[in-house]
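Subject: Handing over the structure, with notes on what was found

Dear colleague,

I am passing the structure on to you below, and after it you will find my notes, arranged by topic. Please read them with the structure open beside you.

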Amino acid sequence: MTYQLDGQNQAAHDPTARSAQPHRSRSTRPVGAPRFGALPLGDPTGGADGIRWREQVDGKSLYPRVAVDRDVILTMSDGVRLRATVIRPANRFGQTALTPYPAIVNINPYNRVAIDLLDHTLHAPVLGKTLRTASRSIDGTGTGLEGLTTLTKTLSGGVFDVFGINRNLVRSGYVQVIVDVRGTGASQGKWQILGPREQQDSVEIIDWAAQQDWCDGAVGLAGWSYSAINSLQAADKRPPALQAVFAVEGCDDIVRDIYITGGMPSAFIPAWLSAVNLLKWVPNPAAPVRDLLRGDTLRWARDRIKSPATEITSLLWGFLTARDDRIFDDPYFDERDPKVDRIEVPTFTVGAWHDLFGRSATGVYEHLQMAPGRKQMLVGDGYHIDVGSGYGGKFSPPRLDVLERAWFDRWLKGHRNGVEYYGPVTMLQQGGAWTSGESFPRSGVGPRRLYLTATGSGTAGHAAHDGSLSSAPVDHRSSLAVQADARGLLSRDMTQVTAGAAMVLGPSMRTDARYQEAGGLTFTSDPVTEATTISGAMNLRLNVATTAHEAIWAVTVNDVAPDGTSTVLTNGALSASNRALDPSSSTYASDGSLLGAHHYLSRKRKLPVPADEPVRIDVDLVPTDAVLEPGHRLRVDVYAASFPRYLTVVPDLIKARGRRQRLVLDPRHPSYLTFLSGGSW
């Protein structure tokens, strides 16, 4: 099918004119449907409501089959033709249902060929069921296979239904629309990487879906990673047909999350760009003859030749010369960051403490300007590609496909299923268990400060230096040298930058940082005597010096068990030249202490780094939630590098050549960790 979005409709996509456009709805949804079950605050499983949500997904469907049309063409208002798959409910003979239903839209850059392969695999009559059953039942916890089985459990956690074709959702009375982002998959045009024209496409796709005969006028957006980000982007434009968003591991600050954290690029970005650029060259085999006869194949090939490796050369140029503005926090990123505070529709966000977009796991929820319940936050203790692993268990949240269905049933069909009473803040507390509550940070926490001192703690003889965390600052000046090394290759930083894939390599990649600590400075507290909560943002102030004119600082905050296992709770980094703070965007505790340092990270705000002269830096750490059990200790690790999580552009690397970095512990300029915690220290 081919659809045209003509110039007459373009006014409907102008945010300034959109409110004047009527919203056509043919909804038949039962607004007054009864609400079942009772959902006590604090139950991450969803209680009786959660059981019902799961039964609705796993039980008998309204329709026995789906009809899949993989040859849908949408012509955007600028003439570019996008390709889509439309999945509709069907009867047992495969005939498409005539009743209009809400549409769930997913706009994805990873090529519908890959999504089709995933669909054929997971829904194969025998293979699909076997894979899901095996992923649920095989558990390697405590063995060398723990990392591998954590990844495989993702198959049964529901995220691939959110990401790809969700047959159960469609059979329950929805239409699903999956679109190749312009310039990727089979869509024509140039890939903009979340740019303004791509955002306009999202609004036009929503409007198109709402006006189709198979749609009742209500549209929801769902996605994982990239498609979660463009869902949030589209929602901030407030298209009239959009009713709800379900975003898994989206992002609202691409720069600080992963692109140039602390002013340093990440190895993830070139790897990811390369993968998408390769996938966009794979033609879609759904209608090869028709594509050739219609001229679509020629147009597709022409557009690919015009932009064969989008952004790769500019990224390389920026890395080699630092002359590309995208190596800094530039308006390029401002155009791409979702304006979350403009979103008005109910939004469910899913994240993970060690995700690539770790800051956004809580940041999106914080910036949504709506009542809890209409906004929901679910954060696990994982990475990017293992999201949903273990969900659906006895003490865990429902599977992501179950939550997605409940969310859309409530806000697109008007079912009073109680999902707005879930959470609204559901978190897997590091060192603890799943909990649901009313806020993040947790209630009952307040600002605390622990100072870094050179006095040995007796717990880290394996480290380059074993220091302490104390409630009092040092009383004399000392200097601790630290050298860059490659130990970051076997660390939780490495697992994070590989999106979680490296977890299969063993405990050093997930739960024990002692190998990496051998090259760093450690500062460890006394053991806590009661369960002690840490919740929210953190800031590490350091007084540092280097013999060169640039320095790289990477830090982690860890939970140290009585047996010495050191587990990273959160991380951060900063290059010394990017230490300038933006006070208006930074966050502060109730006592005025700096909690969340927001650095400019711009070219004009870079500061000189004087050789052998101490400077103060504030390293912002990813907000987190954890509990230290009695006998456990808090530890701060300070490194001179963590490759490849944090890379250095070549001009800065030249400035830093031959450097000898040191942490200067000075009573006049103390180094300390500021965080929010309950209990006493």
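Helices and strands are DSSP runs numbered from the N terminus, where a helix has at least four residues and a strand at least two. In that numbering, Leu601 is found in the loop between strand β22 (594–596) and strand β23 (615–628). Phi of Leu601 is near 55 degrees, which is a positive value in a residue other than glycine, and Leu601 is buried, with a relative accessible area of 3%.

Before going further, please keep in mind that this is a predicted model. The mean pLDDT of the protein chain is 93, and 94% of its residues reach 70 or more.

Backbone features

Arg238, like Leu601, is not a glycine, and Arg238 has a positive phi of about 55 degrees. Arg238 is found in the loop between α9 and β7, and with a relative accessible area of 35% it counts as partly exposed. Lys237 lies in the loop between α9 (226–236) and β7 (242–248) as well, but Lys237 is buried, because its relative accessible area of 18% falls under the 20% that sets the limit for buried residues. The side chain of Lys237 makes a polar contact of 2.7 Å with the side chain of Gln199.

Two cis peptide bonds also deserve a look. One of them runs from Gly423 to Pro424, with omega near 5 degrees, and Pro424 has its place in the loop between α17 (400–412) and β12 (425–428). Another runs from Phe643 to Pro644, with omega near 10 degrees, and Pro644 is found in the loop between β24 (633–639) and α20 (650–655).

Two buried loop residues

Val340 lies in the loop between α15 (331–334) and β10 (347–352), and it is buried, with a relative accessible area of 3%. If residues up to four places away in sequence are not counted, Val340 touches Asp252, Val364, His367 and Leu368. The C-alpha atoms of Val340 and Tyr365, which are 25 residues apart along the chain, are separated by 8.7 Å.

Gly46 is found in the loop between α1 (7–10) and α2 (47–58), and its relative accessible area of 0% makes it a buried residue. Between the C-alpha atoms of Gly46 and Trp353, which are 307 residues apart along the chain, the separation is 21 Å.

Salt bridges

In general, side chains of opposite charge can pair when their charged atoms come close. The structure holds 45 salt bridges, and a few of them are described here. Glu204 forms a salt bridge with Arg197, with the closest N and O atoms 3.2 Å apart, and both Glu204 and Arg197 are buried.

The side chains of Asp620 and Arg359 meet in a salt bridge as well, at 3.1 Å from N to O. This pair links distant parts of the chain, since Asp620 is in strand β23 and Arg359 is in helix α16 (residues 358–367), 261 residues apart. Asp620 is buried, and Arg359 is buried too.

A further salt bridge joins the side chains of Asp401 and Arg399, at 3.0 Å from N to O, and again both Asp401 and Arg399 are buried.

Which residues make the nonpolar surface patch of about 370 Å²? The patch is made by Leu145, Leu148, Val504 and Leu505. Of these, Leu148 is found in helix α5 (residues 146–152), and at 43% relative accessibility Leu148 counts as partly exposed, because the partly exposed class lies between under 20% for buried and over 50% for exposed residues.

With kind regards

Terms used
Residues are numbered from 1 along each chain as its sequence is written. This is a predicted model: local features need pLDDT of at least 70, side-chain atom pairs count only at pLDDT 80 or more; totals for chains, interfaces and linings use all residues. Side-chain values use heavy atoms; hydrogens and water are left out. pLDDT is the predictor's confidence in each residue, from 0 to 100. Patches are made of residues with over 30% relative accessible area and no salt bridge: like charges are joined within 9 Å, nonpolar side chains (Val, Leu, Ile, Met, Phe, Trp, Tyr) within 5 Å. Accessible areas come from the Shrake-Rupley method with a 1.4 Å probe; for residues, only the protein chains shown count as cover. A salt bridge is a side-chain nitrogen of Lys or Arg within 4 Å of a carboxyl oxygen of Asp or Glu. Buried means under 20% relative accessible area, exposed over 50%, partly exposed in between (1.4 Å probe, protein chains only). A polar contact is a pair of N or O atoms within 3.5 Å; within protein, one must be able to donate a hydrogen and the other to accept it, and residues adjacent in sequence count only if both atoms are side-chain atoms. Contact means heavy atoms within 4.5 Å.
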